[in-house]
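Visitor: I would like to learn how to read side-chain contacts in a model. Where do we start?

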Amino acid sequence: MSAAGVSKAVAALFIALLLAGIAGCTGGGGSSPSSRSSSPSDTGGAADVLAVKIDNVAPARPHTGLERADVVYVEQVEAGLSRILAVYSSDLPPVIGPVRSARETDLELLRQFDRPTLAFSGAQSRLLPVIDRAPLDAVPPSKAPGAYFRGPDRPAPHNLYLRPERIPFTASGVDAVAELGLKVGALPPGGEPEDSRTVRYPSASVTFTWSAGNERWLVSLDGSPARTAEGGRVGAGTVVVQDVDVRESDFRDRSGNNTPFTETVGSGDAVVLRDGRAYDARWARSSADADTVFSTPDGRRVDLAEGPLWILYAPRG
């Protein structure tokens with residue numbers, strides 16, 4: 001190659017690296033739909049998943065990258081608040097957050113997936129050894145410091161974000177619901193028309209309002225519309241409200257509040273929202289290693305609508 005050709009190649013490489021650096025420093029501002037970075041896996045179609053623990057109090061909103069999760073779990077934490085566990089596989093946004101600490105509930109919940117990767121900000125000191133023994137790949141900031149950064153637009157602890165491309169995980173391109181034994185299917189018969197459904201926790205609430213125009217259940221958190229970092233509405237294709245037992249655990253937060261444990265093994269009632277209708281259902285999970293099976297009262301399998309699946313663990317009674 002001539003000297004001029006070498007110079008041009010070096011200049012092109014420099015520009016590419018500069019643009020990559022700019023893209024990686026988007027901070028808490030989020031990403032546009034055109035910047036999707038999912039890539040196929042060589043695992044033969046198995047849906048390797050990334051689970052990210054996400055803050056869900058008002059100072060942590062709007063969330064970044066939540067709208068691109070395949071599955072979104074909502075669970076109760078200390079002081080009656082709620083927290084989110086978002087699961088990614090078909091699509092991996094460049095930035096996700098704000099990232100917060102893990103809970104004991106997450107470990108049993110995630111046994112439904114085949115050795116998932118768990119991204120979280122940390123955990124109560126007595127819980128850390130339990131996480132290390134769990135059948136998952138834990139990636140907190142201490143193990144991947146280059147993958148996390150603090151955004152300048154809000155105070156700590158609500159400003160920690162993850163760049164998933166910097167951790168040892170590759171999105172498979174397969175929807176994570178496949179690992180749960182669920183699939184998209186036709187609208188089942190029956191059900192009742194439903195415009196809105198609210199799930200309440202002692203100090204938090206999540207509301208889903210059907211939008212026929214968007215073919216989505218639009219999400220509101222604590223009475224305010226949930227929005228993406230770019231300002232759009234967060235929506236779900238299917239919502240499952242799963243009645244569960246919530247009890248005290250052996251762990252407490254820094255303020256001495258007991259950390260509740262949500263029992264995701266067992267059985268109980270559920271409501272499935274899809275296509276503007278509500279369906280009574282039952283859920284059953286025989287062991288921590290088993291999938292959760294959702295069925296109608298007459299034993300038919302519950303299929304999903306296209307779009308993200310939200311599962312809310314609603315305290316019984």
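Guide: Start with charged groups. Lys53, Glu75 and Asp106 are linked in a network of salt bridges. Keep in mind that this is a predicted model.

Visitor: What counts as a salt bridge here?

Guide: A side-chain nitrogen of Lys or Arg must lie within 4 Å of a carboxyl oxygen of Asp or Glu. By that rule, the structure holds 17 salt bridges.

Visitor: Which side chain does lysine 183 meet in a salt bridge?

Guide: That of aspartate 303, at 3.5 Å from N to O. Now look at where the partners sit. Aspartate 303 is in the loop between strand E18 (293-295) and strand E19 (309-315), while lysine 183 is in the loop between strand E7 (160-162) and strand E8 (192-193), so the bridge ties together parts that are 120 residues apart in sequence.

Visitor: Is aspartate 303 buried or exposed?

Guide: Compare its relative accessible area with the cut-off. Buried means under 20%. Aspartate 303 has 14%, so it is buried. Lysine 183 has 37% and therefore counts as partly exposed.

Visitor: With which arginine does aspartate 303 form a salt bridge?

Guide: With arginine 301. The closest N and O atoms of that pair are 3.0 Å apart.

Visitor: Can we read another pair the same way?

Guide: Take arginine 300 and aspartate 298. Their side chains meet in a salt bridge at 3.1 Å, N to O. Arginine 300 is partly exposed, at 36% relative accessible area. For aspartate 298 the value is 54%, so this residue is exposed.

Visitor: What does the side chain of glutamine 112 reach at 3.0 Å?

Guide: The backbone oxygen of leucine 109. The glutamine 112 side chain also makes a polar contact with the side chain of threonine 292, at 2.7 Å.

Visitor: Which residues does glutamine 112 touch, not counting residues up to four places away in sequence?

Guide: Tyr73, Glu179, Leu180 and Arg285 are among them. The list also includes Ala288, Ala290, Asp291, Thr292 and Tyr313.

Conventions. Residues numbered from 1 in each chain as written. Predicted model: local features only at pLDDT ≥ 70, side-chain atom pairs only at ≥ 80, totals over all residues. Heavy atoms only, no water. Polar contact = N/O pair within 3.5 Å; in protein donor to acceptor, adjacent residues only side chain to side chain. Contact = heavy atoms within 4.5 Å. Helix = DSSP H or I, 4+ residues; strand = E, 2+ residues; numbered from the N terminus. Buried < 20%, exposed > 50% of the residue type's maximum accessible area, 1.4 Å probe, protein only.
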